[in-house]
Amino acid sequence: MFKNVIVKKPCRAVINGISTANLGLPDYELALKQHACYVEALKKCGVAVTELPADEAFPDSCFVEDVAVLTREFAVITNPGAPTRKKEVEAIIPVIEKFYPADRIEYIKAPGTLEGGDIMMVGDHFYIGASARTNEEGGRQLISYLEKYGMSGEMVPLKEILHLKTGLSYIENNNLLISGEFLTNPVFDSFHKIVIPAGEEYGANCIWVNGTVIVPAGFPGVQKAIEGLGYPVLVVDTSEFRKVDGGLSCLSLRF
Ligand code: CIR
């Protein structure tokens, strides 16, 4: 169960966020409204939401998931692989210090890089996407921290998408939303796989929050499959964040 969630308001500069989407520029006012709905959905799931103010210096800073990895025992401040995002970590450190004692905060250090979107938590085991943003050294550092606290991790290669959780979401009870290049990876064979329907790939990025699954709007096949498993579902529109390669999970840290 999660008690806390950290989010960060999108800044006006979000329209200049890193993007490969070709969907046009985000509408800032609509992004703010969508963000407020996202926060409301999280609150319905029974978590306390800490909402950080917008930071105009960093266009992608609302994607707060990428700057930390928060576990039941310890926190990790990451070293984002995207050069324009590296200094986003400076603002998150004092926030994380409110929730974790100083001796339970670890750091990914250069030449290691790691972004939280590449980390999928399954109980005490963590899958780490080896992406263009998270390198082997970053993954190795995270695994050594996990082992220090009695947990474990393993790296998963990925080639076609931004982050591991762009194409995978663990929604507890052994249920894994899975798409694209991960379908044939035997690493995920022991899960109950819910295959994302063709054309709904963006919908693979959902979040489980205390029994409820939050699903992006516009992916009826994904929504139906999750409802079919008996989960209550909340639908949130993230169209403006999608325009800068952002999904539901990247907008929050859940712990
Ligand atoms: C980026 O490219 O870093 C942002 N425009 C999107 C980050 C999405 N984060 C995530 O999937 N965890």
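**Exercise 1. Find out what joins Asp 124 and Arg 72, and where each of them sits.**

Step 1: check the side chains. Those of Asp 124 and Arg 72 form a salt bridge, with N to O at 2.4 Å. The term here stands for a side-chain nitrogen of Lys or Arg within 4 Å of a carboxyl oxygen of Asp or Glu.

Step 2: place the residues. Asp 124 is in the loop between strand E6 (119-122) and strand E7 (125-130), and Arg 72 is in the loop between E3 and strand E4 (75-77), so this pair ties together parts 52 residues apart in sequence. Helices (H or I, at least four residues) and strands (E, at least two) are DSSP runs, numbered from the N terminus.

Step 3: look at exposure. Buried is under 20% relative accessible area, exposed is over 50%, and partly exposed is in between (1.4 Å probe, protein chains only). Asp 124, at 31%, is therefore partly exposed, while Arg 72 is exposed at 54%.

Step 4: widen the view. Arg 72, Glu 73, Arg 104 and Asp 124 are linked in a salt-bridge network.

A word on the ground rules: this is a predicted model, where local features need pLDDT of at least 70 and side-chain atom pairs count only at pLDDT 80 or more, while totals for chains, interfaces and linings use all residues. Numbering runs from 1 along each chain as its sequence is written, and side-chain values use heavy atoms, with hydrogens and water left out.

**Exercise 2. Work out which partners Glu 65 has in salt bridges.**

Step 1: take Lys 165. Its side chain meets that of Glu 65 in a salt bridge at 2.6 Å, N to O. Glu 65 is in the loop between E2 and E3 and Lys 165 in helix H4 (residues 164-167), so the pair links distant parts of the chain, 100 residues apart.

Step 2: take Arg 254. Here the salt bridge to Glu 65 has N to O at 3.1 Å. Since Arg 254 lies in strand E15 (residues 253-254), the pair ties together parts that are 189 residues apart in sequence.

Step 3: buried or exposed? Glu 65 and Lys 165 are both buried, and Arg 254 is buried too.

Step 4: count up. By the rule above, there are 14 salt bridges.

**Exercise 3. Describe the setting of Asp 60 and what it has instead of a salt bridge.**

Step 1: locate it. Asp 60 is in the loop between strand E2 (48-52) and strand E3 (68-70).

Step 2: look for a charge partner. Asp 60 is buried without a salt bridge, and the nearest side chain of opposite charge, Arg 85, is 4.6 Å away. Lys and Arg count as positive, Asp and Glu as negative; His and the chain ends are not counted.

Step 3: list the neighbours. Leaving out residues up to four places away in sequence, Asp 60 touches Gly 17, Ile 18, Arg 85 and Glu 88 (contact means heavy atoms within 4.5 Å).

**Exercise 4. Characterise Gly 46.**

Step 1: Gly 46 is in the loop between helix H1 (28-44) and E2.

Step 2: check exposure. With a relative accessible area of 56%, Gly 46 is exposed.

Step 3: The C-alpha atoms of Gly 46 and Phe 2 are 8.3 Å apart, though 44 residues separate them along the chain.

**Exercise 5. Sum up the whole fold.**

Step 1: count elements. The protein has six helices and 15 strands.

Step 2: check burial. Of its 255 residues, 55% count as buried.
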